[in-house]
Each structure stands twice: as structure tokens, then as C-alpha cells.
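Hi,

Here is the structure I promised to pass on. Have a look at it first, and then read my notes on the charged pairs below.

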Amino acid sequence: MKRLFFILSFILLTCRSLALPHDKDDYILVVHSINFSEVWTQGIYEAINNTFAKENMSVVGEELSIPAMKDTTDVNEKVGILRKKYTVPPKVIVCIGDPSWLVCRSLFEKEWKGVPTIICHSQELIPTKIEYLLGRDLQTIQHMALTEDQVKGYNVTRLIQPLFVKETIETIKKLQPELNKIVFIRDNRYISLYTEQELSKTMQADFPELKLKVLSTPDLSTENLLDSLSLYGKETGIIYYSWFVFKQTQENHYLIDNVQKMTNSFSQPPVYLLADLNIETGNFAGGHYISENDFSKSVISTIRLILGGTEARDISTHIGGEPHTHLNYQHLFNHGIEPSRFPLNAIYYQQPPTFFQKYKIHIFSAFAIICLLATIAVLRFRLYFQKLKQEEERREKEKAEEANRLKSAFLANMSHEIRTPLNAIVGFSNLIAHSESPEDTIEFCNIIETNNELLLQLVNDILDLSKIEADQLEFTFSNIDVSTLFITLAQTFKSRPKEGVTLEYSIPERPCYIYSEKTRLTQVITNFLTNACKFTFEGCIKMGYEETGNGLRFYVSDTGKGITRENVPHVFERFAKFDNFIQGTGLGLSICQTIVKRLNGEIGVESKEGKGSTFWFTIPCEVHHENIVISGSAQ
């Protein structure tokens, strides 16, 4: 009864939709070891059929169902069916899997002798006898031989699809860093056992820290398989290869037909692959392999070579495409894998659309509108350019007028600033000549001296400003004892503060020596002290310096009238004067800012109205605590 059922199943499987046209001998025969229900085998067959059907070349598919064969009697019966069915030899034979060629070997020695043959998905080793194939004996090394040696003497070429086990496990480890176990799902077919053997060898050689667990049929039913998968967590990497179960078993046929989809549903971690099983559906995470599309292109190109006159034996064994890492974005994401772990060099499926893909209609619409506006702009370009030119001429005229006005204002301001101290000097000089009181004479002399200093400072500021405008401000660097400089300035300004105001200075315990421009540093600190003396009517004035990370920070603080918040940003502008009753040109702080910038430093002010101000600046320099000679090159 079983034998009758077996014969009937063979007859049904071989009656494919595309029958052999006996009146033609131009056809391609595709022989599969099992059947064409699997994604990658069906894809190859459809690619061959769709390509050569357009060229009036028939393509016939033949399923051998080798897993259903019990012994050589079944093999001989199947070979007899093929011998009667294909009396006219095909132009090309494509064997999907080494077992299909091994089963049909007797046909290649007689009826199909010399017919060019392509063995797809060929492995390195093959059983030497059909009995070893049916017995699935892969462990006895004497029963295995190199496939290359076995096909010698036949008109055969081999198309290899290697198992990229190492690359796939490395990808799993990137996605699941906590990985400590690999679970391999397979059926009891020859190719599945061979794949398990390759997986085990690779793990022992490259991943000895990982454990291997095999879930296989018939050891487990499909229901047991799904129950087992639900027990594994993120520390387990699950690799699915194949789950082929005969429908005549007592298992649930719905589970058998939907085992791939159910595997995805029951497994907590992602389910990876060693071969292309159409990961676009989302049932699998993917892996590192040659895609079915690329492999099909290699098969078709090899067939074309043969049809073009090249003998199959003259085509060297080659790999059927370029391997890549193929991953399903949604499958990984739904199984809890963070996108930050996704490899950058992988090919992704079901990936969320990019910004451009999501809004490309809007972008194209905006681009069209922009092009339209650009066209209008080009048409109006001449008019716009004319207006622009007129506007530029108007601005140049206004700029010239503004420069002339500023020049006039500067001369008027300077005339006033110069005339004020000169009037005082001339006037009080005349009074001294007619003064009879010694006290009045002393007071008049002090006033004359004060205005002399003011006039001298005004002339110096104007000279410095002109040098700055001409970019001729001179800097002469030398060794400076900073503490001695501050002590000298403190003694010089000791009598300058107003009555009731004290002058204090703070310097580090250890003196600091730097290589810088002494005259300009003195000029900046002197300006700070002069302003502090002008605007401080009670309290104290503090001056000092301190070390910073890359140089020195100098400061002068006072308890004077301070500066309003709205005026603080304008302190270092030219002619900035916020109290017209205090003498000064408003140029000093602007010159100080230029000097500090030339020394690659920073300058600033912190002030509160009514409480006082702190003017500071920093200069980057190398600080020494001993008086040593520092050269410019050393600095």
C-alpha cells in the first residue's frame, strides 16, 4: 500500500503545469532534489522560465522528492519514469542540489550523455553511492568524496552557493551582544544535515564560547518545535534552515504549511537565515548570503554561455554571486533589537521610509514652485539689477557723507577737547602772574599741571588712534617682572584717587615673569586706573593680577558710580562717554581693546550701577616664577 502511494505521489509531482513539447528538442530541463515549493528554488525556476520563454525556449521542471525515497528501488523507479518521459535530450540540464545529479547519474551515462549540465548549490563533498545519500551518512569519511572528482568525465559545471556561517554569526553577535547559544532548526534531509555539519565546524573553530542546540524533525513535531522556541530569550541566536515534513504524517497540516510564519510568531529573539528565504515577508531577520536574485542571474548567464556553444565542462566551478548581509528592519525591531545596533553595511528590507521618500511629492512640488519662481526672477533680473545698482550708488553716497560728517564731528570734538585744557592753562597762567596769595598760586599750578596731563593724554590718544587706523601700532616685547610693574603703578597712582578713596593692590606671593609688551600693558592698566580715579568718589580702588590656565588675568575694581546695563555693551566703542561732566575723549578704552586683541587676549567689564565696576583683561603667555631670560622664539 505504501509503495502504491509512493508511485502515485511521484506521478502527481512530475505532472507540472509546463509539459514537455515532444515535437521540439529545444528545451531546458530543471531538476530539483525535492520540489519547487521553497522560495529560493521556485525563484530560480521562475527566473529561468521567464527569461528563456521570451526567446522561444521551453523550460520544464522536474521534482525528484528524494527525501521520500526509501531505497534504490525507489530511485530506479524514478529514473525509469524520467527515461520514458524525456526521450529527447534537453539542450541544458540544471540540477538544483548535488543529490539530484547523483540520482540521475545513470541517465548522464547513456540517454543524457554529453548533455551540458549545471549543478546549482553544489557542495564540496558528495556521497560516493546513492545508498549513502538515502541513508544520510555524512559521518563516515570513506563514504564521501570530492564533488569535483565525482563529476569528472561528465559535461558538468558547478555553481556554488557557500554557507557564510561565520559572517552570519558575527552579524548575530552585533545585534545580540549577550549571545551565548545558537539554536539551529532543520529537517532530516541530506542538505540540512550537511549544513548542520558545516555550522558545527565553524562554531568549534571560530566561536568556541557558543553552545549549539539542534531542533530537528522527526525528533520534534512542528508543535513541539514552536513550544521550544517560546522558551528562548535574547541570549539565544536562532537560525532557521528548513523544516520539510511529509503531509502523510499525523501532524497538524496548518502548522506544517505555515511553519515559517509560526516560527516568527513564537520566537522571542529574531530568526536568522543561512540562505535566502524571501525575508521581504518579515518572517525572518535575514543573514549573510547570496540572494536568490543574484544566484538566479549567475545561473542564467551560465546557461547563455552553454547555449552560445561553450561546453559545460569548460566552464570552471564558480560562486553564484556576491554575498551581502540582508536584514529585515521590521523583524529585528519587532523582536526588540535596538536600531543603534543595526550594521551600517547591510541591505535592509521593510525599512521605514527616509525623509525624502516620505515627503518626495512635497519636495518635488516645492521644487517645481521654486523653478517657477526662479523663472519669474530671471525675467525680472534686469530691473532688479538696475534697482540694486542705484541702491548701491545711494549707499556709497550716504557712506561718503557719513564719513565726512564723522570727520567733521571728530574735528569739532577734538577742537573742544583741546581748547578746554588750553583755555585752563592760558587762563590760570595769567592769574599766576597777578596772584599775591601763595595758596592761590599753588592751586593755580596744580590746575595747570592737571590740564597739561590731560592735553598730553589727548595728544597721545590721537596719535595711537592714527597708528591703529594705519595699522602701524608698534609692539616691542621684553621680559617683564609683573609684580614690580604693579608696585610701581601703585606708587605712581597713590596720590591720584579722590580724598577718602584708597588704592589697594593684590599680587601673588611668588612674583611672575612673562615675555610681553611692557609699554602697552602699562598703557592698558594705566587707563583702567585713570578711569577708576575719575569715577570713584568713596570707597576703594583695587588693582591686581592672577594666574590662569594659559596666562595671566589683570583687573582694576572700584566702588564708583558704575555703568548702566544698557551702556555696558558700548563701553569699548570709540568716543563712548556716558558722563559729559567728566573730562576725557572716549578713546582710551577703545585703544585698550585694540592692544589686548593684538596680544591675542580678551578684555571685558563687569559693572552694576551705583556699586562700581571691574575692568579686566587676559593675555595668553608662558609664566615663570624665576627671573630668567625668555626669548621670543622660546615664547
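**Salt bridges**

Let's start with Lys173, which is partly exposed at 33% relative accessibility. Keep in mind that this is a predicted model. The side chain of Lys173 meets that of Glu209 in a salt bridge, with 3.0 Å from N to O. Lys173 sits in helix α8 (residues 165-175) and Glu209 in the loop between α9 (190-206) and β9 (211-216), so this pair ties together parts 36 residues apart in sequence. Glu209 is partly exposed too, at 45%.

Another one joins Asp26 and Lys91, at 3.9 Å from N to O. Here Asp26 comes from the loop between α1 (2-14) and β1 (27-32), while Lys91 comes from the loop between α3 (72-85) and β3 (92-96), so parts 65 residues apart in sequence are tied together. Asp26 counts as partly exposed at 35% relative accessibility, and so does Lys91 at 40%.

Then have a look at Arg158 and Glu148, whose closest N and O atoms are 2.5 Å apart in their salt bridge. Arg158 is in strand β7 (residues 156-160) and Glu148 in helix α7 (residues 147-150), so the bridge ties together parts 10 residues apart in sequence. Arg158 is buried, with a relative accessible area of 6%, whereas Glu148 is partly exposed at 37%.

One last thing to find in the viewer: Glu391, Arg394, Arg395 and Glu398 are linked in a network of salt bridges.

Cheers

Notes:
Residues are numbered from 1 along each chain as its sequence is written. This is a predicted model: local features need pLDDT of at least 70, side-chain atom pairs count only at pLDDT 80 or more; totals for chains, interfaces and linings use all residues. Side-chain values use heavy atoms; hydrogens and water are left out. A salt bridge is a side-chain nitrogen of Lys or Arg within 4 Å of a carboxyl oxygen of Asp or Glu. Helices (H or I, at least four residues) and strands (E, at least two) are DSSP runs, numbered from the N terminus. Buried means under 20% relative accessible area, exposed over 50%, partly exposed in between (1.4 Å probe, protein chains only).
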